[in-house]
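Please examine the sequence and the three-dimensional structure below.

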Amino acid sequence: MPGTADTSTTQPGAWRKEIEQTLDTVKQLISKSVAPIPTNPYAPSNEPDAKKMTSLLTDLRKIGFQDVETLLALFNSQVKGSQDDNKFVLEHLVQLLAKLDDNSKIANQLSGGFISGLWNALPHPP
């Protein structure tokens with residue numbers, strides 16, 4: 001049965017290490033569940049598998065005038081501290097992100113801000 005210690009050996013303490021590892025896993029789980037929610041925003045640049053990012057010029061070739069309006073509306077809403085949902089800024093931002101490559105520096109920064117904004121807007125259980 002997986003998850004149980006093998007006690008068939010006669011050597012003293014042979015299965016102790018397995019039990020200690022299981023208890024350590026439980027300890028980590030409990031400590032993470034009672035730890036406060038991190039205040040650092042999600043930052044995609046912190047990911048260990050960093051890839052080569054595209055240049056600004058490459059990214060600018062893929063966006064149009066509507067996307068520039070979206071970026072200006074997003075910037076305006078960030079400055080004001082509130083967002084008018086009737087303008088569909090987030091929906092247009094998702095459309096803009098879909099146009100850019102996965103290794104786009106602008107898309108990486110915008111999606112990090114988008115995810116952080118969603119994270120901060122949602123209620124979290126205690």
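## Fold, core and pocket

From the N terminus on, the elements of the protein chain run α-α-α-α-α. That is, the chain has five helices and zero strands; helices (H or I, at least four residues) and strands (E, at least two) are DSSP runs, numbered from the N terminus. This is a predicted model, in which local features need pLDDT of at least 70 and side-chain atom pairs count only at pLDDT 80 or more, while totals for chains, interfaces and linings use all residues. Residues are numbered from 1 along each chain as its sequence is written, and side-chain values use heavy atoms, with hydrogens and water left out.

The accessible surface of the protein chain is about 10,400 Å² (Shrake-Rupley method, 1.4 Å probe), and carbon and sulfur atoms hold 60% of this surface. Of the 126 residues, 15% count as buried, where buried means under 20% relative accessible area, exposed over 50%, and partly exposed in between (1.4 Å probe, protein chains only). Among contacts (heavy atoms within 4.5 Å) with a separation of 6 or more, 55% join residues 24 or more positions apart.

The largest nonpolar core has nine residues: Ile63, Leu74, Val89, Leu93, Leu96, Leu97, Leu100, Ala107 and Leu110. Such a core is a set of buried Ala, Val, Leu, Ile, Met, Phe, Trp, Tyr and Cys residues joined through side-chain atoms within 4.5 Å. Helix 4 (89-99) and helix 5 (105-121) are the elements that give two or more residues to this core, and helix 4 gives the most, with four residues. In soluble globular proteins, nonpolar side chains tend to be buried together.

Thr70 lies in helix 3 (residues 65-80) and is buried, with a relative accessible area of 5%.

The largest pocket has a volume of about 300 Å³. Its lining comprises 15 residues, of which Gln78, Gln83, Leu90, Gly113 and Gly117 lie nearest its centre. A pocket is an open set of points on a 1 Å grid over the protein atoms alone, where a 1.4 Å probe fits, with protein on both sides within 12 Å along at least five of seven lines; lining residues have an atom within 4 Å of a point. The volume is the space filled by probe spheres set on the points. Helix 5 supplies the largest share of the lining, seven residues.
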